[in-house]
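Try each task before you read its solution.

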Amino acid sequence: MLRDFFDTLGFLTRLAPARVIPESAMNRCMRWMPPAGLVLGLLIVLPLRLGLFADSPWVQAWLMVAASIYLTRGLHMDGLADVCDAVTTHTDPVRFWAVVKDSRTGAFGVMGLVMALAGQVVLFHAMLARGEYWAAAWAFVLGRAAAVWLGYHVRHLVRPGLGKLYIDGATLGVALTATLFTFAAGWIMAGLPATLASTVIVTLVLLGLFRLAEKVGGANGDFLGCAVILGELAAGLGFALVM
């Protein structure tokens with residue numbers, strides 16, 4: 001179990017040494033997504049909670065986003081950009097997947113990244129300005145749980161590739177465990193109202209991604225990355241809604 005956890009950290013972040021993960025072990029990483037998000041979130045907010053730029057919550061929020069991008073190697077942002085490029089260009093399945101596979105980023109992908117990054121800075125600022133450092137850390141848990149939930153519902157649509165190795169691990173048991181872990185962590189770190197509001201928002205967002213996957217006849221790792229970023233934004237929106 002410890003090896004699987006560090007495999008997940010090494011694959012998703014810089015917090016553990018990068019390693020080659022056997023295909024047989026790749027799907028076990030899915031169950032560790034929310035705990036990996038918790039470790040990532042706590043390490044990002046800890047210096048801020050200890051007083052780094054305590055008088056400048058805007059700077060703290062920007063540093064959180066910068067640290068997230070660095071520590072995750074921009075992995076999830078890449079998925080968001082690919083989905084934004086494809087869905088706003090063509091929803092015909094053939095054209096959609098041609099755009100997703102294109103390594104270049106188009107105008108819609110850039111716009112999606114700008115909106116996501118700006119949204120994260122604004123929403124993290126709303127949390128940090130109120131001293132809700134643990135709520136900000138929980139956003140990283142909800143983001144990874146969102147990928148697990150989406151993965152469970154698109155298993156019958158998954159396309160061949162690295163994403164399939166991950167999505168195959170999103171069983172019902174894994175999804176339910178992720179739900180319990182994420183909800184309990186949210187209750188402790190963000191409070192019950194914010195947790196409930198964020199859960200509703202992320203559910204609606206994931207429903208849209210699921211319908212898109214059905215329309216284009218497939219899902220891959222880019223969908224998971226997109227779900228992570230949208231889940232993080234949902235956590236911030238839920239907090240802002242009830243604060």
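**Exercise 1.** How do the axes of α5 and α12 cross, and within what distance do they come?

*Solution.* A word on the source first: this is a predicted model, where local features need pLDDT of at least 70 and side-chain atom pairs count only at pLDDT 80 or more, while totals for chains, interfaces and linings use all residues. Residues are numbered from 1 along each chain as its sequence is written, and side-chain values use heavy atoms, with hydrogens and water left out.

Step 1: find the helices, which are DSSP runs of H or I with at least four residues, numbered from the N terminus. You want α5 (75-87) and α12 (221-242).

Step 2: take the axes, lines fitted to C-alpha atoms over the stretch in contact, with angles from 0 to 180 degrees between N-to-C directions. The two axes come within 7 Å and cross at roughly 105°.

Step 3: classify the angle. The pair α5 and α12 is therefore roughly perpendicular, a label that covers 65 to 115 degrees.

Step 4: look at who meets whom, with contact meaning heavy atoms within 4.5 Å. The α5 side includes His76, Met77 and Asp78, and the α12 side includes Asp222, Phe223 and Gly225.

**Exercise 2.** Work out which residues of α6 are buried, and what they pack against.

*Solution.* Step 1: set the cut-offs. Buried is under 20% relative accessible area, exposed is over 50%, and partly exposed is in between (1.4 Å probe, protein chains only).

Step 1: apply them to α6 (residues 93-101), and you get Phe96, Trp97 and Val100. These residues sit on the same side of α6, because they cover an arc of only 90° around the axis, judged by the directions from the helix axis to the C-beta atoms.

Step 2: check the partners. The buried residues of α6 pack against α5, α11 (192-216) and α12.

Step 3: Asn220 lies between α11 and α12 and touches Trp97, Val100 and Ile167, leaving aside neighbours within four places in sequence. At 16% relative accessibility, Asn220 counts as buried.

**Exercise 3.** Which residues have the most contacts inside the largest nonpolar core?

*Solution.* Step 1: define the set. A nonpolar core joins buried Ala, Val, Leu, Ile, Met, Phe, Trp, Tyr and Cys residues through side-chain atoms within 4.5 Å.

Step 1: the largest one has 75 residues, and Met64, Phe124 and Phe223 have the most contacts inside it. Helix α8 (residues 133-153) gives the most to this core, with 15 residues.

Step 2: zoom in on Met64. Beyond four places in sequence, its contacts include Ile44, Leu48, Phe124 and Phe140.

Step 3: compare with the record. An unreviewed UniProt entry lists residues 133-153 among its transmembrane regions, though such annotations may be inferred rather than shown by experiment. In the model that stretch is 100% helix, with its end C-alpha atoms 31 Å apart.

**Exercise 4.** Where do Phe53 and Arg73 lie, and are they buried or partly exposed?

*Solution.* Step 1: Phe53 is in the loop between α3 (33-49) and α4 (57-72), and its phi is near 55°, a positive value in a residue other than glycine. Arg73 is in the loop between α4 and α5, with a positive phi of about 60°.

Step 1: Phe53 has 42% relative accessibility, so it counts as partly exposed. Arg73 is also partly exposed, at 37%.

Methods:
Helices (H or I, at least four residues) and strands (E, at least two) are DSSP runs, numbered from the N terminus. Angles under 35 degrees count as roughly parallel, over 145 as roughly antiparallel, 65 to 115 as roughly perpendicular and the rest as oblique.
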